[in-house]
Amino acid sequence: MSDRPDATTPVGEQAAAIAPDGQWPVWEVFTQSAQGAPHEHAGSLHATDAEHALQNARDVYARRGEVISLWVVPSAAITASSPGDAGPFFDPGADKAYRHPQFYKVPRGVRGL
Amino acid sequence: MSQARTQPQDDPAKVAAFEARIAAGESIEPKDWMPERYRRQLIRMMSQHAHSEIVGMLPEGNWITRAPSLRRKISLIAKVQDEAGHGLYIYCGTETLGVDRAELVQQLLDGTAKYSSIFNYPTLSWADMGVIGWFVDGAAIVNQTVLAKASYGPYARAMIRICKEENFHKRQGYEIVAVLANGTPAQKAMIQDAVNRWWWPSLMMFGPSDADSPNTAELIRWKVKRRTNDELRQRFVNLTVPQAAAVNLTLPDPELRYDADTENWHFGPIDWDEFNQVIRGNGPCNRERLEARRRAHDEGAWVREAASAYAAKQRAKQASEAA
């Protein structure tokens with residue numbers, strides 16, 4: 001999910017630290033566009049803390065009333081699967097056709113299945 | 001930009017697998033393996049694009065205090081604010097390639113970074129606000145609609161977001177143009193003058209002609225670009241000529257004529273000397289734009305310091321409450 005290349009710094013440490021060059025920690029922003037819709041990754045931003053990140057996220061990712069809810073997450077808090085291992089990692093789900101309805105044969109003319 | 005096509009550390013087998021993914025129409029994500037040159041080309045393009053959004057605020061910011069009505073003023077403020085947002089979307093996309101945003105901002109302030117040549121032209125009258133929305137944002141939409149299909153996921157996603165928002169920019173610009181074009185003779189002369197000044201620089205926004213664009217073939221093969229500069233320029237001309245006719249404005253090109261065979265509007269030669277001068281820093285406003293950008297950065301320092309100080313205070317407070 002995270003677009004960060006290497007997020008190795010512990011969450012608390014990164015979210016709390018302000019680098020000497022004035023760079024604030026990076027936060028990932030998730031937006032919900034309507035009641036019942038999922039929160040989706042919108043992008044990221046820099047902010048000093050969670051409250052600041054929420055305010056910046058509103059200004060950067062919700063200028064047109066198209067968002068009803070926002071999540072901000074320190075980038076370093078996201079653990080993502082690694083593309084290099086994607087093959088073996090997702091393999092267990094790849095050969096289980098019997099988990100799909102099309103696997104099962106139903107007599108002709110039967111409806112509502 | 002004349003480095004070897006692929007860096008020595010790039011394993012040919014990995015490059016082949018990467019190119020097969022691109023050919024199959026897959027999206028490349030930040031943690032995926034990519035050739036060093038692909039990464040570098042993206043950083044170059046995306047950072048220039050982000051800088052252009054930020055510098056692009058300046059010519060229009062110029063006219064906010066002089067907008068002729070409240071309606072026009074709120075639109076212009078919203079548009080300039082959008083440009084800041086667009087800069088941030090693309091900077092954050094660039095960060096996914098492992099670049100430090102502070103470094104990119106510093107390059108812009110130092111004057112070592114490139115940005116779109118168009119923003120080095122002056123905005124001399126209110127009519128320029130209309131023409132910028134119509135031509136400059138119109139050209140940007142043509143460019144960005146195609147970039148929204150770029151192979152690099154974070155760039156493509158930023159472009160989709162930007163394209164949605166820029167349609168308002170173009171329409172608010174064209175509304176200003178149409179009102180002036182149907183106004184008094186003085187208003188009509190003012191808008192025609194703005195069209196005359198902005199037409200050629202707008203065509204230059206698409207970059208050098210394909211014959212002089214050494215990066216194009218590689219960028220197209222990697223699907224960073226999906227159309228060449230000349231193809232996009234032609235698309236823009238084809239879209240814009242009828243829009244000019246609809247409000248009885250003329251475009252300053254005696255060679256402009258419809259070619260029924262190609263179904264394109266043929267246009268005259270572009271003054272590439274002028275383009276190269278502006279790119280090299282000798283445009284009418286290069287120095288002024290950078291000075292304004294540096295001043296804004298310096299004058300905003302206290303806001304950044306205050307935000308840092310407030311956050312530190314909040315943390316100290318929370319720590320003492322917890323103790």
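## The interface between chains A and B

In this predicted model, chain A and chain B bury about 2200 Å² between them, and carbon and sulfur atoms give 48% of that area. On the residue level, 26 residues from chain A and 29 residues from chain B take part in the contact.

Polar links also cross between the two chains. There are four salt bridges between chain A and chain B, and eight residue pairs are in polar contact, both partners being at pLDDT 80 or more. On the chain A side, helix H1 (11-16), strand E2 (39-46) and helix H2 (50-61) each supply at least two residues that touch chain B.

Arg64(A) and Glu165(B) join their side chains in a salt bridge, with 3.5 Å from N to O. The two belong to a network of salt bridges that also includes Arg63(A) and Asp82(B).

How accessible are the two partners? Arg64(A) has a relative accessible area of 36%, so it is partly exposed. Glu165(B) is buried, because its relative accessible area is 5%, and buried means under 20%.

## Salt bridges within chain B

Over all chains, the count comes to 21 salt bridges. Within chain B, Arg221(B) pairs with Glu19(B), their closest N and O atoms being 2.5 Å apart. This pair links distant parts of the chain, with Arg221(B) in helix H9 (residues 216-221) and Glu19(B) in helix H1 (residues 12-23), 202 residues apart. Arg221(B) is partly exposed at 38% relative accessible area, and Glu19(B) is partly exposed at 26%.

Another salt bridge joins Glu60(B) and Lys79(B), with 2.8 Å between the closest N and O atoms. Glu60(B) sits in helix H3 (residues 57-61) and Lys79(B) in helix H4 (residues 70-95), 19 residues apart. Glu60(B) counts as buried because its relative accessibility is 2%, and Lys79(B) counts as buried at 0%.

## Two loop residues with positive phi

Most residues other than glycine have a negative phi. Asn248(B) has a positive phi, near 55 degrees, and lies in the loop between helix H10 (229-246) and strand E1 (257-259) of chain B. Glu263(B), also not a glycine, has a positive phi of about 60 degrees; its loop runs between E1 and strand E2 (264-266) of chain B. Asn248(B) is exposed, with 55% relative accessible area, and Glu263(B) is exposed, with 56%.

Tyr104(A) lies in the segment after helix H3 (86-90) of chain A and is partly exposed, at 47% relative accessibility.

Conventions: Residues numbered from 1 in each chain as written. Chains lettered and ligands numbered in written order. Predicted model: local features only at pLDDT ≥ 70, side-chain atom pairs only at ≥ 80, totals over all residues. Heavy atoms only, no water. Helix = DSSP H or I, 4+ residues; strand = E, 2+ residues; numbered from the N terminus. Buried < 20%, exposed > 50% of the residue type's maximum accessible area, 1.4 Å probe, protein only. Contact = heavy atoms within 4.5 Å. Buried area = accessible area lost by both parts, 1.4 Å probe. Polar contact = N/O pair within 3.5 Å; in protein donor to acceptor, adjacent residues only side chain to side chain.
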